[in-house]
Amino acid sequence: MLRYKINILAELKKAGYSSYRLRREKILGESTMQRLRVNSTSINLESFDVICALLNCQLGDIIEWIPNMQEACAKK
């Protein structure tokens, strides 16, 4: 299971990229921003590339993989 380590929209806002600016300058699409609002990790790699560039970070700085216990038990 993937999950966010940080609140991406809050971090973007700290970096000077408000939701309004992201939409107005067409930096991120509205569907991507909505997914970020609800903590959905189903975002395409191009969007993660933009986010990493804006925040000057690596993908591993914003998301992490957590083993799903059900999947681990099913593999045994």
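Helix 3 (residues 30-37) has Thr-32, Met-33 and Leu-36 as buried residues, where buried means under 20% relative accessible area, exposed over 50% and partly exposed in between, using a 1.4 Å probe and protein chains only. Seen down the axis of helix 3, these buried residues fall within an arc of 100°, so they line one face of the helix. The model is predicted, so local features need pLDDT of at least 70 and side-chain atom pairs count only at pLDDT 80 or more, while totals for chains, interfaces and linings use all residues. Residues are numbered from 1 along each chain as its sequence is written, and side-chain values use heavy atoms, with hydrogens and water left out.

- Helices (H or I, at least four residues) and strands (E, at least two) are DSSP runs, numbered from the N terminus.
- The arc mentioned above is that of the directions from the helix axis to the C-beta atoms.
- Strand 1 (2-4), helix 1 (8-14), helix 2 (19-24) and helix 4 (45-55) are what the buried residues of helix 3 pack against, with contact meaning heavy atoms within 4.5 Å.

**Nonpolar core**

- The largest nonpolar core has 16 residues; such a core is a set of buried Ala, Val, Leu, Ile, Met, Phe, Trp, Tyr and Cys residues joined through side-chain atoms within 4.5 Å.
- Those with the most contacts inside this core are Tyr-4, Ile-8, Leu-12, Leu-22, Leu-28, Leu-36 and Ile-62.
- At least two residues of the core come from each of helix 1, helix 3 and helix 4.
- If you set aside neighbours within four places in sequence, Tyr-4 is in contact with Leu-36, Asn-39, Ser-40, Thr-41, Ile-43, Phe-48, Ile-62 and Ile-63.

**Salt bridges**

- The structure has 6 salt bridges, each defined as a side-chain nitrogen of Lys or Arg within 4 Å of a carboxyl oxygen of Asp or Glu.
- Glu-64 and Arg-3 form one of them, with the closest N and O atoms 2.7 Å apart.
- That pair links distant parts of the chain, since Glu-64 sits in strand 2 (residues 63-65) and Arg-3 in strand 1, 61 residues apart.
- Glu-64 is partly exposed at a relative accessible area of 23%, and Arg-3 is partly exposed too, at 43%.
- Glu-30 forms a salt bridge with Arg-37, whose closest N and O atoms are 3.0 Å apart, and Glu-30 also meets Arg-23 in a salt bridge of 3.8 Å, N to O.
- Partly exposed is the label for Glu-30 at 39% relative accessibility, for Arg-37 at 36% and for Arg-23 at 37%.
- Arg-21, Arg-24 and Glu-25 are joined in a network of salt bridges.

**Cysteines**

- Searching the whole structure turns up 0 disulfides, a disulfide being a pair of cysteine sulfur atoms within 2.5 Å.
- Cys-52 is in no disulfide, and its nearest cysteine sulfur, that of Cys-57, lies 4.3 Å away.
- Cys-57 is likewise in no disulfide.
- Cys-52 is buried, with a relative accessible area of 13%, and Cys-57 is buried at 18%.
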